[in-house]
Amino acid sequence: MTIRASLSRRAVAELVGTAGLLVVVIGSGIQAVGLSRDIGVALVANSLASAIGLGLIITLFGPLSGAHLNPVVTLTSWWSRRRGGEGLAGREALVYTAAQTAGAVAGALLADAMFGRTPGVFSTQVRGGGHLLIGEIVATAGLVLVIQGLERIGRTKLVPAAVAAYIGCAIWFTSSGSFANPAGTVGRAFSDSFAGIAPQSLPGFIAAQLVGGVAGLALAGLLYGGTGRGTGCGAAQGAGRKAEGGTGEAPAARPAYEAVS
């Protein structure tokens, strides 16, 4: 089932979806550390909850907004449209990115409040060093490659599960812990918790994520050719073209996992 949605409704979906993702990531981290002093056990719990929550959110919001939840994913969609494929227009991409960032901050504040912590306390976890930035480049490039690769080979039904599985895996195999999301990274700065990141670490991480996004897009083009559908994590684009014309109502945003059916 797909839903015909205006840009405003899709923006709300991106805001709520990204907020939900941050609640899962930060909340599960707080819970894990509270229940176990073993950092390895805490990371297992946090990564499993994050992967499962991400998959559910993509499945729920994919048919509505595409469930990008991530400015890098949104920018790859915008780039696909510029290259002649399907994707978001510039205005839509800006609205999506703003909604994702606002949602990420709101989700971080909500997670802290839910566990009786003072919301809005900046993280003190400094995440610096070139090796961590390399980890973020690898994590983000891999994420984009998973999404773009599955779209270009016509296996979009697998995107929700594949993205969730990739993030759960990348939390472990990358040195940075696979933030791989500029909006989520900003949101995590507002929580001094297990999953947080100090504000001074934001520029390096976000720059690395953008570099990784470009690398992933280039690698997808090299391996599979074409521009892809530009669908993001959960829905094929074309979603904004009618809305951009001023009607306020977008054509049906077909979920990526239904786009080839």
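**Figure 1. Glutamate 92 and arginine 10, two buried residues joined by a salt bridge.** In this predicted model, glutamate 92 and arginine 10 are both buried. Their side chains meet in a salt bridge, with N and O 3.1 Å apart. Follow the chain and you will see that this pair links distant parts of it: arginine 10 sits in helix α1 (residues 7–35), glutamate 92 sits in helix α4 (residues 90–114), and 82 residues separate them. How buried is glutamate 92? Its relative accessibility is 2%, and buried means under 20%, so glutamate 92 falls well on the buried side of the cut-off.

**Figure 2. Arginine 81, another salt-bridge partner of glutamate 92.** Now look for arginine 81, which forms a salt bridge with glutamate 92; the closest N and O atoms are 4.0 Å apart here. Arginine 81 belongs to helix α3 (residues 71–82) and glutamate 92 to helix α4, so this bridge ties together parts that are eleven residues apart in sequence. Is arginine 81 buried or partly exposed? With a relative accessibility of 24%, arginine 81 counts as partly exposed, because that class lies between the 20% and 50% limits.

Figure 3. Arginine 117 is partly exposed at 31% relative accessibility, whereas aspartate 112 is buried at 1%. How many salt bridges does the model hold by this rule? The count is three. Bridges that share partners join Arg10, Arg81 and Glu92 into one network.

**Figure 4. Serine 201, a buried residue in a loop.** Where is serine 201? You can find serine 201 in the loop between α7 (182–188) and α8 (202–224). Its relative accessibility is 6%, so serine 201 counts as buried. The side chain of serine 201 reaches the backbone nitrogen of arginine 127 at 2.9 Å. Which residues touch serine 201, if we set aside its neighbours within four places in sequence? They are Gln125, Val126, Arg127 and Gly128.

**Figure 5. A nonpolar patch on the surface.** Here we turn to the outside of the protein. Five names to look for are Val44, Leu48, Ile52, Leu56 and Trp172, which form a nonpolar patch on the surface with about 520 Å² of accessible area together. Helix α2 (residues 39–65) gives the patch its largest share, four residues. Valine 44 is found in helix α2, and its relative accessible area of 38% makes valine 44 partly exposed.

Figure 6. Of its 261 residues, 53% count as buried. Take the contacts between residues at least 6 apart in sequence: 78% of them join residues at least 24 apart. The protein exposes about 10,500 Å², and carbon and sulfur atoms supply 67% of that area.

Note on methods:
Residues are numbered from 1 along each chain as its sequence is written. This is a predicted model: local features need pLDDT of at least 70, side-chain atom pairs count only at pLDDT 80 or more; totals for chains, interfaces and linings use all residues. Side-chain values use heavy atoms; hydrogens and water are left out. Buried means under 20% relative accessible area, exposed over 50%, partly exposed in between (1.4 Å probe, protein chains only). Contact means heavy atoms within 4.5 Å. Accessible areas come from the Shrake-Rupley method with a 1.4 Å probe; for residues, only the protein chains shown count as cover. Patches are made of residues with over 30% relative accessible area and no salt bridge: like charges are joined within 9 Å, nonpolar side chains (Val, Leu, Ile, Met, Phe, Trp, Tyr) within 5 Å. Helices (H or I, at least four residues) and strands (E, at least two) are DSSP runs, numbered from the N terminus. A polar contact is a pair of N or O atoms within 3.5 Å; within protein, one must be able to donate a hydrogen and the other to accept it, and residues adjacent in sequence count only if both atoms are side-chain atoms.
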